[in-house]
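This briefing is meant to be read alongside the sequence and the coordinates. It begins with the chain as a whole and then turns to selected positions.

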Amino acid sequence: MFYDQLSWELSNNPDLSNSVTTILNLSYNNLPTYLKNCFLYCSLFPEDSAIEKEMIIRLCVAEGFVEQRGRETTLEEVAEAYLVELANRSLLQVVQRDANGRAESYGMHDLVRDICIATSEKELFGIVCDNRCLTDLKGNPRRVTVQSQCENLQLDGGSSKLRSFLLFNKQLPSSRIETALSNFKLMRVLSLKSSNIVSLPDAVFELFNLHYLDLSFTKIKVIPKSLGKLKLLQTLDLSVTLIKQLPREITKLTKLRHLTVSSLRGDYRSFDYYFGVPVPMEICGLKDLQILTAIEANQNLVSQLGSLAMLRTIYLLKVKGSYISGLWFSFLKMPRLIEIGIDACDKNEVLNFEGLNPLSSLETFALHGKLEGGVIPSIFSSFGNLRILMLRWSGFRVDPLSSISHISNLTQLELLRAYEGEVLTFCSGWFPNLKSLYLADLLNLTQINFEESTTPSILYLWLVGLRSLTKVPEGVRYLCSLQEMVIVKMPVGFVENLRGDGHSIVQHIPAVYVRG
């Protein structure tokens with residue numbers, strides 16, 4: 001393996017730089033052409049920061065690096081296979097995996113990154129503007145990533161070949177950003193994530209070749225009608241912004257594959273924490289859409305969503321009980337759909353899922369609202385592939401665990417204000433693959449029973465705001481695989497018990513955190 005050889009060279013060869021360069025160059029030169037661009041792109045991310053899988057996949061697709069492999073495989077799936085192959089070659093390291101066991105983020109060894117950056121600059125693939133504070137873009141590099149103030153960097157028209165601008169420095173003045181946008185008309189990728197811009201310069205909408213636009217985590221409030229001029233746009237990320245409405249012209253973006261828009265208000269545990277936007281019904285004409293979050297539902301929209309046959313992820317808000325039947329019928333027309341989020345329009349709106357046909361391919365289900373009869377719907381019996389289940393404000397009057405215990409593939413379970421009873425019991429043999437358990441604001445809960453041999457794979461346990469729970473559950477001692485237990489805003493009596501008589505119950509857990 002690459003890192004084994006690298007470690008040996010570093011410890012045995014005094015000519016450190018030449019050894020590392022030789023190993024990396026050999027590994028890089030032996031890469032198939034289709035992997036080289038993806039590998040070099042990864043080096044443009046900041047040092048010691050995780051490379052988000054979804055972001056690098058969308059960037060590679062937007063850049064045109066990904067080869068089509070048959071009609072049944074999407075470009076995103078091919079790009080993910082590229083990353084897996086790079087990890088298998090030990091050129092990337094998996095930093096974090098999701099609940100399905102798939103890589104969620106990657107990293108690159110510092111020495112590998114340094115030499116990869118040198119290769120990138122030599123081949124004019126891209127340049128990293130960091131503490132070196134480059135004064136110009138020598139040689140017309142095709143990509144620039146800004147990771148420091150770089151006060152002397154001249155973003156003028158001298159680099160006519162620039163195709164991508166990725167900003168990782170939150171403090172770069174917006175005037176410098178506007179200069180860059182005005183000068184590089186052929187830009188294909190523009191990422192201003194977490195920047196301090198509050199409005200979009202008109203120059204953005206003159207970037208007729210733009211495929212990727214990331215404005216997430218900014219204070220932008222308005223997207224103008226001129227968005228419709230960006231005919232080639234594939235990714236539009238407006239997550240965690242101040243945007244309340246999208247222009248109707250978004251329906252002209254027929255190449256759009258990923259649309260995410262949301263805003264956050266208040267505490268995560270409140271009912272009205274997550275906000276989306278209304279969208280025109282014509283958005284259902286964007287046949288390439290794979291991700292659509294988070295949008296406000298209405299009767300006409302939910303009946304037309306079925307035309308989005310490529311959709312994999314959807315999150316709907318302000319859902320009324322009367323929408324569920326039509327909404328589910330639309331879901332059944334989406335053969336690739338694996339992730340669904342549904343938020344009821346208010347705390348008292350009842351959602352009824354009885355009598356609906358199964359979605360056996362579903363992997364993630366976030367359900368936020370009161371359920372008919374205060375029980376788990378029978379359709380849950382068909383969720384054999386479910387990995388992540390988040391139930392919030394459900395109004396369960398009886399312990400819901402027995403009704404979902406058959407979901408053996410479940411790796412992440414969240415119950416937030418979902419259960420009104422006093423006792424939760426995890427029986428022996430239940431949830432064999434559960435890794436993460438989050439229990440929050442179950443206000444009447446006085447007892448949690450963990451029987452021996454339950455949740456044998458659990459790694460993380462969160463207990464949050466369980467105001468009636470005054471002692472550490474005795475059965476926690478049976479959770480032998482538990483690596484981390486987080487206590488947030490729990491009663492004083494619980495915390496005192498944790499530090500006193502209950503300490504012996506948790507002493508096998510490597511990390512126990514008490515917050516708030």
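How many positive and how many negative side chains does the protein chain have, and how far apart do the centres of the two sets lie? In this predicted model, the protein chain carries 52 positive and 53 negative side chains, and the centres of these two sets are 6 Å apart.

**Overall architecture**

- The protein chain contains 12 helices and 26 strands. Its radius of gyration is 25 Å, close to the 24 Å that the globule rule gives for 516 residues, so the chain is as compact as a globular protein of that length.
- Taken along the principal axes, the box filled by the C-alpha atoms of the protein chain is roughly 70 × 65 × 45 Å.
- Among contacts in the protein chain with a separation of 6 or more, 52% are accounted for by residues 24 or more positions apart.

- Gly-126 belongs to the loop that runs between helix H6 (110-122) and strand S4 (127-129); because its relative accessibility is 1%, under the 20% cut-off, Gly-126 counts as buried.
- When residues up to four places away in sequence are not counted, Gly-126 touches Leu-44, Ser-120, Glu-121 and Arg-143. The C-alpha atom of Gly-126 is separated by 37 Å from that of Cys-284, a residue 158 residues apart from it along the chain.
- Leu-227 sits in the loop between S8 and strand S9 (235-238), and with a relative accessible area of 1% Leu-227 is buried.
- With neighbours within four places in sequence left aside, the residues in contact with Leu-227 are Phe-205, Leu-233, Leu-236, Pro-247, Ile-250 and Leu-253. Leu-227 and Thr-74 are 153 residues apart along the chain, and their C-alpha atoms are separated by 26 Å.

**Thr-455, Ser-481 and the contacts between their loops**

- Thr-455 is found in the loop between strand S23 (447-450) and S24, whereas Ser-481 lies in the loop between strand S24 (460-464) and strand S25 (484-488).
- Leaving aside neighbours within four places in sequence, Ser-481 is in contact with Thr-455, Pro-456, Ser-457, Ile-458 and Leu-459. For Pro-456, the backbone oxygen lies 3.0 Å from a polar atom of the Ser-481 side chain.
- Thr-455 is itself buried, its relative accessible area being 1%, and its phi is near 35°, which is a positive value in a residue other than glycine.

**Further backbone geometry to inspect**

- Ser-194, located in the loop between strand S7 (189-191) and strand S8 (212-214), also has a positive phi in a residue other than glycine, with a value near 65°.
- Which peptide bond is cis, with omega near -15°? The bond in question is the one from Thr-293 to Ala-294, and Ala-294 lies in strand S13, which covers residues 291-296.

Notes:
Residues numbered from 1 in each chain as written. Predicted model: local features only at pLDDT ≥ 70, side-chain atom pairs only at ≥ 80, totals over all residues. Heavy atoms only, no water. Helix = DSSP H or I, 4+ residues; strand = E, 2+ residues; numbered from the N terminus. Buried < 20%, exposed > 50% of the residue type's maximum accessible area, 1.4 Å probe, protein only. Contact = heavy atoms within 4.5 Å. Polar contact = N/O pair within 3.5 Å; in protein donor to acceptor, adjacent residues only side chain to side chain. Rg over C-alpha atoms; globule rule 2.2 N^0.38 Å. Lys, Arg positive; Asp, Glu negative; His and termini not counted. Charge placed at Lys NZ, Arg CZ, Asp CG, Glu CD.
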